[in-house]
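Reader: Before we look at particular side chains, could you show me how to read burial, contacts and salt bridges in a model of this kind?

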Amino acid sequence: MSARLNPLDLYDVRSLLSDEERMVQDTVGRFVDERVLPIIGDCFDQGRFPKELIPEIASLGLLGATLPEKYGCAGMNGVSYGLICQELERGDSGLRSFASVQSSLCMYPIYAYGTEEQKQHYLPKMAAGEVIGCFGLTEPHGGSDPANMKTHAKKDGGDWVINGAKMWITNGNVAHIAIVWAQTEDGIQGFIVPTDTKGFTAQEVHKKMSLRASVTSALFFDNVRVPEANRLPNVKGLKGPLGCLTQARYGITWGPIGAAQACLKEVLDYSQERILFGRPLASNQAVQLKLAEMARRITMAQLLSLQLGRLKDAGNMQPTQVSLAKWNNCRMAIDIARECRDILGGAGITTEHVAIRHALNLESVITYEGTETVHQLVVGRELTGINAF
């Protein structure tokens with residue numbers, strides 16, 4: 001008889017990875033098992049981001065992982081970055097959000113749109129976790145319509161003066177710099193704004209029932225003055241921030257796979273130990289059908305993200321392909337987390353188990369960086385050539 005398959009990797013997707021990619025996954029997986037899982041339920045309960053883990057996350061090379069080594073980064077490929085996101089989110093979406101924002105939304109725009117001076121000054125410190133960034137695009141009224149931006153920057157001599165507000169900003173209250181997108185006379189432009197600049201305020205969002213182990217903030221700009229040297233000169237218009245979001249969304253396609261695997265693993269163990277009506281819960285057909293469905297959907301998501309990563313590394317990844325995977329994989333994970341919560345019964349509502357925490361977190365993940373509906377319409381536009389937004 002052949003060996004049993006790995007229930008969390010039925011198609012042996014791991015065999016499609018390079019040795020280096022497997023090493024990255026194992027290293028981050030070990031960090032999550034040893035350092036994250038023992039504390040993250042309590043962090044979620046307390047509404048606390050585990051800042052004490054930042055130095056370790058940085059020392060493993062997980063911040064700006066795909067950027068070149070000359071800037072103090074690890075120079076990994078896109079698939080390795082995806083695996084980092086998958087393993088971190090197996091711990092908690094809040095942790096993956098932190099790394100995702102730092103890497104894809106803050107370090108990437110400095111690398112892609114910044115001057116050589118800006119890259120040399122910021123990227124090594126950001127890779128080391130000494131400078132934390134946040135990304136200011138979404139506005140209180142804006143949501144899915146970033147073009148309707150009210151924050152503006154006006155030229156004043158050699159400076160820019162920024163006024164406006166941003167909302168739902170991950171890392172806002174732990175950040176040293178904000179990458180802020182603002183309307184100018186020359187279209188939307190990006191600025192590096194140190195958070196200790198006069199007129200800058202970050203206000204933490206409380207009463208959250210999702211991403212509780214993550215810092216979410218509102219940012220306010222009241223005549224915030226930054227020099228021309230802080231402008232990102234190599235991009236204008238919405239393609240700047242949207243280019244960053246494509247990078248981040250790519251990582252988000254991998255993250256929910258980790259969340260779903262965590263939920264399935266827990267429920268597999270629980271359903272074999274829980275005795276109801278004289279037999280293990282796992283011996284019920286209804287339960288096995290649910291478990292099989294979860295494994296099927298996780299497998300599809302794994303293959304989707306891996307192929308997306310290979311396209312990315314070949315320089316052929318298109319935003320529509322990212323939208324399809326973000327839509328599919330977030331929907332997969334939130335459905336699985338809710339189903340696992342149900343199988344756990346009453347026990348499923350406590351953070352002693354992972355399912356409710358992942359289910360609540362995924363309510364944010366399925367919403368941010370493009371709601372499910374937006375990504376469906378992106379795919380629809382690709383198929384028909386008609387914009388239905």
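**Reading burial and salt bridges**

Author: Let us start with burial, where S97 counts as buried because its relative accessibility is 2%, buried meaning under 20% relative accessible area, exposed over 50% and partly exposed in between, with a 1.4 Å probe and protein chains only. This is a predicted model, in which local features need pLDDT of at least 70 and side-chain atom pairs count only at pLDDT 80 or more, while totals for chains, interfaces and linings use all residues. Residues are numbered from 1 along each chain as its sequence is written, and side-chain values use heavy atoms, with hydrogens and water left out.

Reader: Where is S97 placed, and with which residues is S97 in contact, leaving aside its neighbours within four places in sequence?

Author: S97 belongs to helix α4, residues 93-113, a helix here being a DSSP run of H or I with at least four residues and a strand a run of E with at least two, both numbered from the N terminus. A contact requires heavy atoms within 4.5 Å, and beyond its neighbours within four places in sequence S97 touches T170, L211 and Y368 in this sense. The side chains of S97 and Y368 are also joined by a polar contact of 2.7 Å, a term for a pair of N or O atoms within 3.5 Å in which, within protein, one must be able to donate a hydrogen and the other to accept it, residues adjacent in sequence counting only if both atoms are side-chain atoms.

Reader: How many salt bridges does a search of the whole structure find?

Author: A salt bridge needs a side-chain nitrogen of Lys or Arg within 4 Å of a carboxyl oxygen of Asp or Glu, and the search of the whole structure returns 23 of them. One of these pairs R35 with E56 at 2.8 Å, N to O; R35 sits in helix α1 and E56 in helix α2 (residues 54-59), so that the pair links distant parts of the chain, 21 residues apart. Both partners are partly exposed, R35 with 35% relative accessibility and E56 with 27%.

Reader: Which parts does the pair of R357 and D92 tie together, and is D92 buried or exposed?

Author: The side chains of R357 and D92 meet in a salt bridge of 2.6 Å, N to O. Because R357 lies in helix α9 (residues 355-365) and D92 in the loop between α3 (78-91) and α4, this pair ties together parts that are 265 residues apart in sequence. R357 is buried with a relative accessible area of 2%, and D92 likewise counts as buried, at 0% relative accessibility.

Reader: What separates E293 and R296 along their helix?

Author: E293 and R296 both lie in helix α7 (residues 285-313), three residues apart, which is about one turn of the helix. Their salt bridge has its closest N and O atoms 2.8 Å apart, and both residues are partly exposed, E293 with a relative accessible area of 33% and R296 with 43%. Salt bridges can also be linked into a network, as they are for R297, R331, D335 and E372.

Reader: Where is V322 placed, and is V322 buried or exposed?

Author: V322 is found in helix α8, residues 319-343, and is buried, with a relative accessible area of 2%. Leaving aside neighbours within four places in sequence, V322 is in contact with several residues, among them T246, R249, Y250 and L308.
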